[in-house]
Structure formats: structure tokens, C-alpha cells
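Dear colleague,

I am passing on the structure we spoke about, and the notes below it go through what was found. Please read them with the model open beside you.

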Amino acid sequence: MILAIESSCDDSSVAVMDECSFELKFYEKISQEADHAKYGGVVPELAARLHTEALPRILQRAKPYFSELSAVAATNTPGLSVSLIGGVNMAKALALALNLPLIGVNHLVGHIYSLFLGGEARFPMGVLLVSGGHTMVLDIDAAGGIEILATTGDDSFGESFDKIAKMLGLGYPGGALIEELAKGGEPRFELPVPLKGDRRLEYSFSGLKNAVRVQIEKLKEAGELDERAMRDLARCFEDAACAHILDKLQRIFELRRFARFGVVGGASANLHLRGLLTDLCERASCEILFAPMKFCSDNAAMIARAAIEKLRKKEFTAPAELEIIPHLNLRSAFE
Ligand code: KG4
Ligand code: ZN
């Protein structure tokens with residue numbers, strides 16, 4: 001079995017997975033969302049402190065499995081440095097104490113493997129990764145090699161939901177809150193679909209975010225920012241953000257033929273987005289795959305699943321050598 005730790009942002013999670021059957025023997029996650037909510041976003045220093053409290057507590061409960069482990073893994077890139085350090089240091093200590101090999105896992109690769117938690121991976125495929133930290137379209141070849149086809153030049157898809165939620169005073173994280181608010185909304189505000197008509201395969205959410213900010217200010221000045229206006233604005237924002245994702249994907253689908261397309265990351269829980277992508281894939285006769293709702297957001301099960309691939313190839317790192325790499329290096333992102 002393999003034990004994996006995820007602590008790249010604001011979730012402390014530990015999983016123990018059987019390396020042959022992929023059965024999840026142990027799984028726990030302590031989310032810090034409520035602790036960060038009053039600040040409208042993740043406060044790194046607070047996240048670090050909460051990880052150092054939560055991880056030993058979860059590991060204590062995973063202890064009965066320690067004698068059956070064949071490796072220890074932790075997310076080491078990308079993420080908040082002070083958060084990554086917590087999980088990586090605990091994994092190093094465990095590997096040293098139990099005399100086990102150590103595996104560093106790329107968090108984004110982890111999200112991809114959330115599609116294959118219970119079985120063998122099936123590549124080649126296209127992937128849309130939409131989370132709080134990243135927005136990317138990837139082409140994965142039969143051997144698992146990853147090519148980045150599109151990424152965001154500024155904010156990520158999930159982050160834009162968080163920022164709009166903050167502007168509307170809704171709390172953090174904003175994705176599910178905006179989606180819920182948007183349900184009863186009317187599409188009465190004109191918001192721009194970013195980079196529409198621009199042939200670049202790139203995402204950008206900062207212009208849309210500013211358009212929402214301007215609209216909020218106008219409504220405030222007119223004394224019209226009531227509950228109905230907030231609902232309508234949430235609906236228009238969600239429509240524009242999802243239309244932007246779809247617009248660029250449509251272009252990518254014209255350029256590449258995918259037999260299979262996976263959608264991963266915390267924001268892949270958005271049902272409006274899921275609906276649009278399901279239609280797109282149906283039109284392209286392409287099989288669509290989603291991660292189970294429970295494992296869309298950050299979790300250690302996907303890290304354990306990704307680590308099993310490295311365990312098979314014996315891609316270990318000595319505890320003294322495993323570095324944390326907070327920033328995503330696009331050129332070597334998935335090495
Ligand atoms: O993958 P994740 O848990 O963390 C990162 O790796 O960033 O993704 C969290 C992000 C947050 O920005 C959150 O607002 C967004 O996913 N999210 C959503 C929804 N549920 C979560 N965004 C849009 N619609 C949702 N239903
Ligand atoms: Zn994530």
C-alpha cells in the first residue's frame with residue numbers, strides 16, 4: 001500500500017491506497033475553508049499552521065496501516081510554499097522512520113489521476129483542468145506524456161469565481177456559492193466573453209472580473225444591488241466564464257481529435273460547465289470523463305493514485321533531496 005499526503009493549499013488530506021487493486025483503504029480530509037472564509041481567500045500563514053495541526057491528527061488515525069506500506073508520497077509542486085512544506089516534511093519523516101521510499105507528486109498530475117481512482121489509466125486523452133490555481137487544456141499521449149495546449153494569462157477559472165464571490169460578500173470559496181446564486185438568475189447584464197474572436201488559444205478572466213466589478217459599482221451607486229440583482233449578475237458571470245472555456249475548447253477540438261476527454265479540478269464540479277462540455281463532446285463523438293464529485297477538489301486519494309504510477313517505475317527521491325517547487329514551471333510542468 002501507499003500512503004499519500006496532500007497539503008498544497010488549504011486542504012489537509014491523507015490517503016492509503018492498495019497499489020495493486022487501487023482500493024482506497026483509508027481516506028480523510030480536513031478542509032480549512034471555514035477558517036479562511038472571513039478573509040475571502042487563503043491566508044498562507046494560517047494555512048501552514050492548520051496543516052501542522054491537522055496532518056498529525058489524521059496520520060494518527062492512519063497508523064494501523066503503517067506496517068503494510070511500501071512507499072510514502074506527498075504533493076511537492078505546485079502550491080503555496082508554506083503549505084507544501086507541511087505535507088512534504090511529514091512524508092520525509094515517515095519515509096525515514098519507516099525506512100520506505102519517498103515519492104514527490106505533481107498536484108496537477110494528481111488531478112488528472114482523479115479520473116482513474118479505481119482502475120488503470122486510459123490514455124491518450126484531452127484534459128481540461130479547472131481549479132483555483134490553474135486553468136489548462138492538456139493533450140496526454142498514449143505513454144502519459146503531457147502537452148499543454150492552452151493556459152491562462154492571468155486569473156484561473158475557479159479563482160475568478162472566488163473573487164466575484166468576495167466582491168458580492170458571499171464568502172470563500174466562491175465557486176459553489178456563485179453556482180447556487182446563479183440558479184435563479186436572469187441573463188440581463190451584458191458581460192464580455194473574454195478573448196472572443198481572438199484566435200490565441202489562451203484563457204483570461206481578469207477582464208471579465210473587472211466588468212463584473214464595474215457592474216457592481218453601478219448597481220451600488222443606483223442603490224439597486226439587491227438579492228435579485230446579485231442573482232442575475234452571478235448568472236451572467238457564470239455564463240460568460242463557462243462560454244469562454246467552451247469557446248477556446250471548440251477551437252482546440254477543431255485542431256485536434258480526441259477519442260476521450262477528461263475534466264478535472266475543483267471547479268469541474270460546476271454543473272453548468274459540465275453540461276456545456278458534455279454537449280461539446282457529444283457533438284465531437286468523444287467520450288467524456290469526470291472525476292467523482294467528492295474527488296474533484298484537492299484530496300490525497302488522487303495523489304496516492306498518481307504516486308502508484310511512479311512507484312511502478314521506481315521513481316523515488318531521497319528524503320534529503322525532495323524539494324518543494326511552489327511555482328508551476330510550464331516548460332517542465334509535468335516532468
Ligand atoms: O482543485 P481545487 O480544490 O484547488 C486548487 O487546486 O486550486 O479547486 C478549488 C477551486 C476554488 O477556486 C473553487 O471556488 C472552485 O474550485 N470551485 C468551483 C466550484 N466548486 C469549486 N468553481 C465553479 N463552480 C463550482 N461549482
Ligand atoms: Zn487542486
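**Loops and cis peptide bonds**

Proline 124 sits in the loop between α4 (107-113) and β6 (125-130), where helices (H or I, at least four residues) and strands (E, at least two) are DSSP runs, numbered from the N terminus. The bond that joins phenylalanine 123 to proline 124 is a cis peptide bond, with omega about 10°. A cis peptide bond also runs from threonine 77 to proline 78, with omega near -25°, and proline 78 is placed in the loop between β4 and α3. In the loop between α3 and β5 lies asparagine 99, whose phi is near 60°, a positive value in a residue other than glycine.

Before going further, please note that this is a predicted model, in which local features need pLDDT of at least 70 and side-chain atom pairs count only at pLDDT 80 or more, while totals for chains, interfaces and linings use all residues. Residues are numbered from 1 along each chain as its sequence is written, chains are lettered from A and ligands numbered from 1 in the order in which they are written, and side-chain values use heavy atoms, with hydrogens and water left out.

Strands β2 (residues 11-17) and β3 (residues 24-31) run antiparallel and are joined by seven bridges, with aspartate 11 standing opposite serine 31 in β3. The hairpin of β2 and β3 has six residues between the strands, and in this hairpin phenylalanine 22 takes a positive phi near 65°.

**The sheet that holds β6 to β10**

A further open sheet of five strands has the order β8-β7-β6-β9-β10, again with mixed pairing. Here the edge strands are β8 (146-151) and β10 (287-290), each pairing on one side only, and the twist averages 20° from one strand to the next. Strand β9 (residues 260-264) runs parallel to β10 and is joined to β10 by four bridges, and valine 263 stands opposite phenylalanine 290 in β10.

**Two packed helices**

Helix α5 (residues 157-167) packs against helix α7 (residues 206-221) at an angle of about 10°, with the axes 10 Å apart. The two helices α5 and α7 are therefore roughly parallel to each other, a term that covers angles under 35 degrees. Where they meet, Lys163, Ile164 and Met167 in α5 face Lys209, Val212, Arg213 and Ile216 in α7.

**Ligand 1**

Ligand 1 is surrounded by 21 residues, of which the closest are Gly132, Asp162, Gly175, Glu179 and Gly266; a residue counts as near if one of its heavy atoms lies within 4 Å. Its polar contacts (pairs of N or O atoms within 3.5 Å) include one of 2.6 Å between an oxygen atom of ligand 1 and an N or O atom in the side chain of aspartate 162. An oxygen atom of ligand 1 also lies 3.2 Å from a polar side-chain atom of histidine 107, and an oxygen atom of ligand 1 is 3.2 Å from a polar backbone atom of glycine 158. Taken alone, ligand 1 exposes 560 Å², and the protein buries 88% of that, with accessible areas coming from the Shrake-Rupley method with a 1.4 Å probe.

With kind regards

Key
Pairing = 2+ DSSP bridges. Polar contact = N/O pair within 3.5 Å; in protein donor to acceptor, adjacent residues only side chain to side chain. Axes fitted to C-alpha atoms, helices over the stretch in contact; angles between N-to-C directions. Parallel < 35°, antiparallel > 145°, perpendicular 65-115°, else oblique. Contact = heavy atoms within 4.5 Å.
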